[in-house]
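The following exercises concern a protein model and are each followed by a worked solution. Please study the sequence and the structure before reading the solutions.

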Amino acid sequence: MSTLALRHGSSYALQQLARAFNANATSWIGLVTFLAIVALALLAPLISPYDPLDQDILVRLEGPSAAHWFGTDSYGRDILSRLLWGARLSLVISTVSILTAMLIGGIIGILAGYIGGRFDMIVMQAMDVLLSFPSLIMGLMVVAMLGASMGNLMIAIALTAIAPFARIARAPTILVKERDYIEACRALGYSDLRIMAVHILPNIIAEILVMGSLWLATAIRIEASLSFIGLGVRPPTATWGGMIREGFENILDSASLSVFPSLAILLVVFSLNMLGDGLRDAIDPKLRGGE
Amino acid sequence: MTADAPIIAIENLVTEFRTGGGWHPAVRDVSFAVQRNETLAIVGESGCGKSVTALSIMGLVPPANGRVASGHIRFAGRDLVGLDEEEMRKLRGDRISMIFQEPMTSLNPVLTVGFQIAEALHYHRDMGRREADASALELFDQVKIPSARQRFADYPHQFSGGMRQRVMIAMALACRPELLLADEPTTALDVTIQAQVLSLLAELKAAYGMAMIFITHNLGVVASIADRVAVMYAGEIVETAPVNELFARPTHPYTELLLRSIPRVDRDTVGLSAIAGQVPSIGAMPSGCRFAPRCPLREEICTRRDPLLVKLSDPGDHQVRCWLRAPSSEAGHG
């Protein structure tokens with residue numbers, strides 16, 4: 001039954017999101033751009049012209065040409081192919097880490113908001129401590145402690161994003177739990193768990209989703225930054241941050257090696273921010289006004 | 001249990017709230033009983049303790065600053081005071097239900113009305129989704145929501161106030177409770193819709209044979225739905241009587257003034273009569289009779305000692321708490 005409620009509730013949330021979309025052109029641009037990037041990443045094995053790890057020492061550090069549209073890197077690998085494969089990695093890492101943070105942070109926030117009192121105070125102070133670390137520093141600390149790997153990178157990013165999700169879930173929970181229909185739920189004898197999962201969550205899920213789209217961009221940035229300083233996924237696997245680093249080392253010989261991955265990151269972050277901002281602007285007054 | 005044993009009997013209920021530093025009773029020494037298939041109306045001004053009485057029965061007094069301090073609430077022979085939350089939760093929505101005043105805000109805006117009605121059945125009766133949906137559809141018919149099948153998957157904002165109140169009633173009655181608490185269920189509705197909802201409630205009460213406690217400040221509503229009436233003032237029952245007896249012979253000065261302050265179209269009066277003064281606040285209750293400061297008949301004894309709820313001699317079921325109108329043989333606890 002609770003999945004049913006979520007289906008009911010999230011279908012309503014999706015209706016709201018759809019309405020928000022239609023009211024806002026930038027969110028459309030953001031969505032279309034982002035989906036295009038996702039599609040390219042998914043199709044990488046089919047459309048990338050070369051194997052991302054194939055070296056061709058004869059054509060190293062070349063600029064764009066008919067054979068290599070975006071040029072080649074210092075080992076003669078095709079930049080376009082590496083970009084496409086790198087997109088897969090960036091998107092997987094950011095999506096998994098943000099979904100994890102959404103889940104954990106969301107649960108913490110709803111619990112804190114619903115239970116309130118001393119529990120709320122202690123939990124949110126712990127969240128404040130987490131928030132006080134800049135996300136990049138936090139990522140550095142975690143990766144330095146656990147070692148550089150794809151899994152640890154995801155843990156690091158998820159940890160930095162839990163606190164913001166807890167906050168974004170807590171505030172509307174406090175608002176919603178005072179509503180008459182929650183009192184009516186108590187009068188119907190529903191358990192606290194049921195009230196939170198079936199009656200509060202669908203009311204606040206839109207806000208969490210909007211926050212998620214904004215944090216996806218941040219996660220991609222953090223992943224690139226950590227890879228750039230060598231704490232991300234190990235070479236020779238193609239990552240955008242790693243490619244920028246290589247380009248940075250060879251910037252006097254070939255600009256294209258750092259320019260194209262930077263543009264890719266810029267494009268993803270930009271599209272996600274447009275998407276998120278558009279949604280937030282459109283959804284905010286509706287949620288605040290309540291029903 | 002015999003047929004006329006009351007389904008709910010409240011004995012000397014005291015419910016307190018913490019304001020400032022101390023605990024103050026919002027409901028004091030309230031006792032009444034309701035039989036199956038009987039409607040008791042609790043009448044009084046805002047803040048007289050009628051809603052708190054209902055919340056006490058439901059076990060929904062906010063634990064942070066409220067408590068049932070003493071007394072008993074016997075439901076089907078079991079004392080609900082001190083019952084643990086888990087047991088209480090099983091009763092709520094199943095054997096005891098409550099309808100609230102505000103139909104516009106008492107339904108979850110993001111869940112369909114059909115889901116919200118079926119949920120109670122699913123939760124308390126362990127019904128599967130299909131079965132619960134089918135029962136919920138039947139309930140739609142019983143509360144007379146037109147074209148039930150089409151409206152089943154609608155959201156609350158697609159319903160009018162009256163229709164939403166019908167949905168609330170369907171939710172409350174889904175598990176066929178033995179006791180229904182209705183806290184001003186018609187106050188927020190148009191007068192024509194009010195009449196429809198009242199007759200619906202009366203009909204369903206008779207059909208299910210349930211006991212109903214109907215809380216209102218509207219004496220017109222009382223006349224049309226109640227079997228018996230308890231008039232509350234400042235946390236106490238000041239008069240209780242069968243509905244006809246109360247309207248024919250209001251005995252407590254407060255009841256009398258209440259009845260007189262109903263606007264009448266059939267009499268030529270200049271202006272409305274209002275009761276002077278205000279309900280005393282919970283932290284500043286007067287000593288003696290609580291109505292004394294506003295009472296036109298006040299005498300010296302009224303402010304000195306608490307009056308008791310006393311049976312009037314002839315019909316035994318008419319009780320009044322007043323030194324002057326129903327003097328008790330013994331002195332009250334002063």
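A residue counts as buried if 20 or more other C-beta atoms lie within 10 Å of its own. The model examined here is predicted.

**Exercise 1.** Determine how many residues of helix H10 of chain A are buried, and identify them.

*Solution.* Step 1: locate the helix, which spans residues 240–249 of chain A. Step 2: apply the cut-off of 20 or more other C-beta atoms within 10 Å to each residue. Step 3: list them. The buried residues are Trp240(A), Gly241(A), Gly242(A), Met243(A), Ile244(A), Arg245(A), Glu246(A) and Gly247(A).

**Exercise 2.** Describe how helices H6 and H7 of chain A cross, and state which residues meet.

*Solution.* Step 1: consider the axes. Those of H6(A), residues 135–146, and H7(A), residues 150–177, come within 9 Å and cross at roughly 145°. Step 2: assign the hand; the crossing of H6(A) with H7(A) is right-handed. Step 3: name the partners. H6(A) contributes Ser135(A), Met138(A), Gly139(A), Val142(A), Val143(A) and Leu146(A), while on H7(A) they meet Asn152(A), Leu153(A), Ile155(A), Ala156(A), Ile157(A), Leu159(A) and Thr160(A). Step 4: sort the residues of this contact by class, which gives nine nonpolar, four polar and no charged. Step 5: relate the numbering to helix geometry. An α-helix has 3.6 residues a turn, so residues three or four places apart point the same way.

**Exercise 3.** Give the strand order of the eight-stranded sheet in chain B, and find which strands lie at its edges.

*Solution.* Step 3: note the twist, which averages 20° from one strand to the next. Step 4: examine one pair. S9(B), residues 228–233, and S10(B), residues 236–242, are antiparallel and share six bridges. Within this pair, Val229(B) faces Ala241(B).

**Exercise 4.** How many residues does each chain bring to the contact between chains A and B?

*Solution.* Step 1: count by chain, which gives 29 residues from chain B and 20 from chain A. Step 2: find the largest share on the chain B side; H3(B) supplies it, with six residues. Step 3: classify that side, which has 14 nonpolar, eight polar and seven charged residues.

Note on methods:
Residues numbered from 1 in each chain as written. Chains lettered and ligands numbered in written order. Predicted model: local features only at pLDDT ≥ 70, side-chain atom pairs only at ≥ 80, totals over all residues. Contact = placed C-beta atoms within 7 Å. Helix = DSSP H or I, 4+ residues; strand = E, 2+ residues; numbered from the N terminus. Nonpolar A, V, L, I, M, F, W, Y, C, P; charged D, E, K, R; others polar. Buried ≥ 20, exposed ≤ 12 C-beta atoms within 10 Å, placed from the backbone. Pairing = 2+ DSSP bridges. Axes fitted to C-alpha atoms, helices over the stretch in contact; angles between N-to-C directions. Left-handed = near helix turned anticlockwise from the far one by under 90°.
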